Amino acid sequence: MQHQHGWLGGGFPRVGGLPSGPREGTGSPDSDDAMEGRGASTGADFAAPRADPEGGALDPGSNGPGVTEPAHTVSSPCRFFLAGGCRFGARCRNLHPGAPHTPPEPSSKKPPSKKPPMKTAGDVISRILWDSQLPPSDFTVGHLDRFSGVREDAFTAFCWEDLASVGLEVLAIPQHRIQYFKYRGRVVWDKASRLDDVFGSTGGGRTILEVMEEEAGHQQAVGMGDGGAGLPEAAVAPEREEEEADEAESGPQSHPPAGPRPTHFVAVRITSPELRGSVARLQEALCQADPALAEFCTPLATLHLTLCLLRLDGAGEMQAAITALRELQAEHRRLLPPAPLLRFQGLGTFQRRVLYAAPTPGPELVGLAHALERGFACKGLTIIPLPAQDCFHLTMAKIPVGGEPRLSLPPDSPREELGTQAVESLCLCQVGGGRRTDGFYSTLVELDLY
């Protein structure tokens, strides 16, 4: 019992206090201190660690019990400098013993100059829509299609409202798919090359108004136009032929009847290989008789039959025209009327300026033209009437106004049928909108009736 009492009283520290010094009357240290191989604690164990007399770093292991924050660490000598190969010089974070102290040199590299921000496709769209000086019908949009790549369509063919508010039957695209804008065939905004000739935001020094002046001056310089209308002859609507037809019906006149000029027309595109071959042979015979007439022959890719003329002002009216055509398409697919078959036979001229082939008159074609006019009238659109419903014709050659009227029938013009064309689709084409990649007129929409 005494041995157990002595062990508890002499060797185990008291609860709530630090180990005491040697017991009174004894010269031996505590049992714990003896086990650790050191003397009794005197308080020096808890003092701050001593600094290295040589100025080196403090020994991290010298932090005694109770020290909660590490001591400040001094950089050690650079081993690359001692080896003679430090490439950082005065910018090195480690010490270079014996090296003269020099402040670090400021970096000579200038930060790269930031490119000026470029106006977005949305800015260009808003400018075209709301700037009264810019005619939307003169602009085309190059956009990325998921399946066919980059495509070009007329600016007025799209609905530029919020995509969340348009229906499935409306042509609309996200703005991030727009690659470029063109004005009369000239690129004025291109995302890939950072070209901005609409606002001049990229430092090009040219704006759209200057581009329009340049294009107008270029057209005047080369002498291209249609009676001062400001459009190239190649871009003038083929509906000018109907005005000349009106002159032929009512007799010679000094000027065509005053009225609104058409901006769009609904046409049947001639795709029949048989009919195209006949037209090509007639044009060849015409050029053999007078080689100067070659430039006035209609390209085979643009052969068409006009059914209706329209005056559409603004994107709203163009969208209304597209909706009217889609409603006509739905009606045809519901009723399935017989498709008109156009048979072309014989040739004719309008005041020796237009050489044409007229289809055989039939109620189906006239009924389709009336249905188009009714649909457009219900939408409140401006319809420019044709001279007569039996004046549908296919233009094969045309001399513009101002040129010498010298067209005549080829000496060996055929009397038999030239070919046939089924009316299975309609195209809403734009006046002055350039050409598609296949050579046909710029088309807002092309709809299959069956």
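Select glutamate 214 and arginine 186 to begin: in this predicted model their side chains meet in a salt bridge, with N and O 3.0 Å apart. The pair links distant parts of the chain, since glutamate 214 sits in helix H5 (residues 208-222) and arginine 186 in strand E4, 28 residues apart. Glutamate 214 is partly exposed, at 35% relative accessibility, and arginine 186 is likewise partly exposed, with a relative accessible area of 22%.

Glutamate 215 is buried because its relative accessible area, 13%, falls under the 20% cut-off.

From arginine 186, colour strand E4 (residues 186-190) and follow it to E5, to which two bridges join it in an antiparallel run. Here aspartate 190 stands opposite leucine 195 in E5. Both strands belong to an open sheet of five strands, with the order E2-E1-E3-E4-E5 and antiparallel pairing. Its edge strands are E2 (149-154) and E5 (195-196), each of which pairs on one side only. Now show helix H4 (residues 121-130), which packs on the sheet and touches strand E1 (139-145), strand E3 (178-183) and E4, its direction making about 30 degrees with that of E3.

Next, select arginine 151 and aspartate 153, whose side chains meet in a salt bridge of 3.7 Å, N to O. Which of the two partners is buried, and which is partly exposed? Aspartate 153 is buried, with a relative accessible area of 11%, whereas arginine 151 is partly exposed at 39%. In the whole model the count comes to 14 salt bridges.

Finally, move to helix H9 (residues 363-378), whose 16 residues reach 22 Å from the first C-alpha to the last, close to the 22 Å expected. Display its buried residues, namely Leu365, Leu368, Ala369, Ala371, Leu372, Glu373 and Phe376; the elements they pack against include helix H8 (314-335), strand E7 (304-311) and strand E14 (425-430). Glutamate 364 also lies in H9, but this residue is partly exposed, with a relative accessible area of 42%. Its C-alpha atom is separated by 8.5 Å from that of leucine 341, 23 residues away along the chain. The tour ends at glycine 380, which follows H9 and has a positive phi near 75 degrees.

Key
Residues numbered from 1 in each chain as written. Predicted model: local features only at pLDDT ≥ 70, side-chain atom pairs only at ≥ 80, totals over all residues. Heavy atoms only, no water. Helix = DSSP H or I, 4+ residues; strand = E, 2+ residues; numbered from the N terminus. Expected span 1.5 Å × (residues − 1). Buried < 20%, exposed > 50% of the residue type's maximum accessible area, 1.4 Å probe, protein only. Contact = heavy atoms within 4.5 Å. Pairing = 2+ DSSP bridges. Axes fitted to C-alpha atoms, helices over the stretch in contact; angles between N-to-C directions. Salt bridge = Lys/Arg side-chain N within 4 Å of Asp/Glu carboxyl O.
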